[in-house]
Amino acid sequence: MVRVTQMSLLFVLVMVSSAFEKTNGQKNVFRPRCPVGWTKYNEHCIFYVSQALDWAAAEANCLVLGAHLVSIHSESEYRMVKALIHAHDPSDKPTWLGLSNCQKRDSWFWSDGSKFDYSKWNKEEPNHSNGECCVNLNWDNQKNWNDMPCNAAHPSVCSKKAA
Ligand SMILES: [Ca+2]
């Protein structure tokens, strides 16, 4: 009887220790992170660039950081990007996104290659005025999206996958 009890105890110990291993294993599951100074959101890392650059220079600057200009695919992402900008710039100045249609008027492309599946235009935008084809947000009173000449200089937001 004593022996049976010892065996049972041993069994319980083995079970408990393997359960601990499982718990530890789960704790060690790889969780993507963002570099210091970047903000994590939906498995992405976003970064506000205060320096005013034209659209191409802003995208090139993001590329140096292993990123692209930010793309936005939902209202919640839009709010997050606006909140990031506001945290650095309480005046909410116009800021470049990675969106453009310079190749063809009705073909919108995000510089990170993602699908164009969400938009938040100001009223009467995009108006393609004088061929403007790069997009910023925080435009005018509505503070939503506007197509702008690509050579205008604005702050920007870069985004990359958390790694
Ligand atoms: Ca416009």
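Q: Is W110 buried or exposed?
A: In this predicted model, W110 has a relative accessible area of 4% and is therefore buried, the limit being under 20%.

Q: How many aromatic pairs does the structure hold?
A: There are 8 aromatic pairs. In one of them, W108 and W121, the ring centres lie 4.9 Å apart and the planes meet at 50 degrees, so the pair is tilted. W108 sits in the loop between β4 and β5 and W121 in the loop between β5 and β6, 13 residues apart, so that this pair too links distant parts of the chain. W108 counts as buried, at 14% relative accessibility. Ring pairs join Y78, W108, W110, F116, Y118, W121 and W145 into a cluster.

Q: Which residues make the most contacts inside the largest nonpolar core?
A: In soluble globular proteins, nonpolar side chains tend to be buried together. Here the largest nonpolar core has 17 residues, and those with the most contacts inside it are I72, V81, L97, L137, W145 and V157. The elements that contribute two or more residues are β2 (44-53), α3 (75-88), β4 (95-100) and β6. Of these, α3 gives the most, with 4 residues. V81 touches V70, I72, L137 and V157, leaving out residues up to four places away in sequence. Apart from this core lies another, of 15 residues, among them V49, A67, C134 and A152.

Q: What surrounds S156?
A: S156 is placed in strand β8 and counts as buried, at 0% relative accessibility. Beyond its neighbours within four places in sequence, S156 is in contact with F47, Y48, V49, A58, L69, T95 and W96.

Q: How many disulfides are there, and how are the cysteines paired?
A: A disulfide is a covalent bond between the sulfur atoms of two cysteines. The structure holds 4 disulfides; with the bonded cysteines numbered in sequence order, the pairing is 1-2, 3-8, 4-5, 6-7.

Q: What is the handedness of the disulfide of C102 and C133?
A: Its S-S torsion is about 90 degrees, so the disulfide is right-handed. C102 lies in the loop between β4 and β5 and C133 in the loop between β5 and β6, so the pair ties together parts 31 residues apart in sequence. C102 is partly exposed, with a relative accessible area of 40%, whereas C133 counts as buried at 10% relative accessibility.

Q: Where do C134 and C150 lie?
A: C134 is in strand β6 and C150 in the loop between β7 and β8, so their link ties together parts 16 residues apart in sequence. With 90 degrees about the S-S bond, this link is right-handed. C134 is buried at a relative accessible area of 1%, and C150 is partly exposed at 24%.

Q: Which atoms coordinate the calcium ion, and why is the arrangement irregular?
A: Ideal angles at a metal are 90 or 180 degrees for six octahedral donors. In this site the donors are E125 (OE), N127 (OD1), E132 (OE), N146 (OD1), D147 (O) and D147 (OD), at 2.2 to 2.5 Å. These 6 donor atoms subtend angles of 67 to 149 degrees, which makes the arrangement irregular; an octahedral site would need opposite donors over 155 degrees apart.

Q: What spacing do the calcium donors follow along the chain?
A: The spacing is E-x1-N-x4-E-x13-N-D. N127 lies in the loop between β5 (109-110) and β6 (134-139) and N146 in strand β7 (residues 144-148), so the pair ties together parts 19 residues apart in sequence. N127 counts as partly exposed, at 34% relative accessibility, while N146 is buried, with a relative accessible area of 2%.

Note on methods. Residues numbered from 1 in each chain as written. Predicted model: local features only at pLDDT ≥ 70, side-chain atom pairs only at ≥ 80, totals over all residues. Heavy atoms only, no water. Donors = N, O, S within 2.8 Å, 3.2 Å for Na, K, Ca; no water. Tetrahedral: all angles 85-135°; square planar, octahedral: opposite > 155°, others 65-115°. Buried < 20%, exposed > 50% of the residue type's maximum accessible area, 1.4 Å probe, protein only. Core = buried A, V, L, I, M, F, W, Y, C linked by side-chain atoms within 4.5 Å. Contact = heavy atoms within 4.5 Å. Disulfide = S-S within 2.5 Å. Phe/Tyr/Trp six-rings, centres within 6.5 Å; stacked < 30°, edge-to-face > 60°.
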